[in-house]
Amino acid sequence: ALLVGKSSRARELGIDYQVDPLSSLEKTTLPCTGGDMVLILGNLIENAMEAVTPLQDKRITVGVYDTAENVVIKVSNSGPGIGPELGERIFERGVTTKHGARGYGLALVAAKLRELGGSIHFNNLPQSGIEFIVTIPLGGRQEESI
């Protein structure tokens, strides 16, 4: 439902929003609640929408997959990357690439992933854009996280 709702919002904003057709969640028991998924996916997609809205090239791709060990979420967009001056600090509360009192979404995502024993990282894409990759272990908390 969240992905469909975000699709409607993206259409209103003129964003080319795609869900990877290879997305699949076959596990019957996810390692987190529906609310956790809404928090994680919702923040990542909303950030992507804000990043691409002022651009000519407005693209977002979302993928959700499960492997034998993890649920993997990928959200990429055609917006600006994150500079080396911010790096992994982007996941700290109050750190943002936007103006104003912001910087809570990725911090909330990172905190939730710590609770779940998961991780988040990003890759600036070669041509332009950025991809966030979330991993949530299916077997419970891992010793190392974020």
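A crossing counts as left-handed if the near helix is turned anticlockwise from the far one by less than a right angle, and as right-handed if clockwise.

I noted that this is a predicted model, in which local features need pLDDT of at least 70, side-chain atom pairs count only at pLDDT 80 or more, and totals for chains, interfaces and linings use all residues. Residues are numbered from 1 along each chain as its sequence is written, and side-chain values use heavy atoms, with hydrogens and water left out.

**H2 and H3**

I looked up the contact (heavy atoms within 4.5 Å). H2 contributes Asp36, Leu39, Ile40, Asn43, Leu44 and Asn47, and H3 contributes Gly105, Leu106, Leu108, Val109, Lys112, Leu113 and Leu116. I sorted these residues into eight nonpolar, three polar and two charged.

For the geometry, I found that the axes of H2 and H3 (residues 105-116) come within 9 Å and cross at roughly 150 degrees. H2 and H3 are therefore roughly antiparallel (over 145 degrees).

**H1 and H2**

I then turned to H1 (residues 2-12) and H2 (residues 34-52), which pack at an angle of about 15 degrees with their axes 11 Å apart. That makes H1 roughly parallel to H2 (under 35 degrees). H1 passes H2 in a right-handed crossing.

I listed Leu2, Leu3, Lys6, Arg9 and Ala10 on the H1 side of the contact, and Met37, Val38, Leu41, Gly42, Ile45, Glu46 and Met49 on the H2 side. These divide into eight nonpolar, one polar and three charged residues; Gly is counted among the polar ones.

Key: Axes are lines fitted to C-alpha atoms, for helices over the stretch in contact, and angles run from 0 to 180 degrees between N-to-C directions. Helices (H or I, at least four residues) and strands (E, at least two) are DSSP runs, numbered from the N terminus. Angles under 35 degrees count as roughly parallel, over 145 as roughly antiparallel, 65 to 115 as roughly perpendicular and the rest as oblique.
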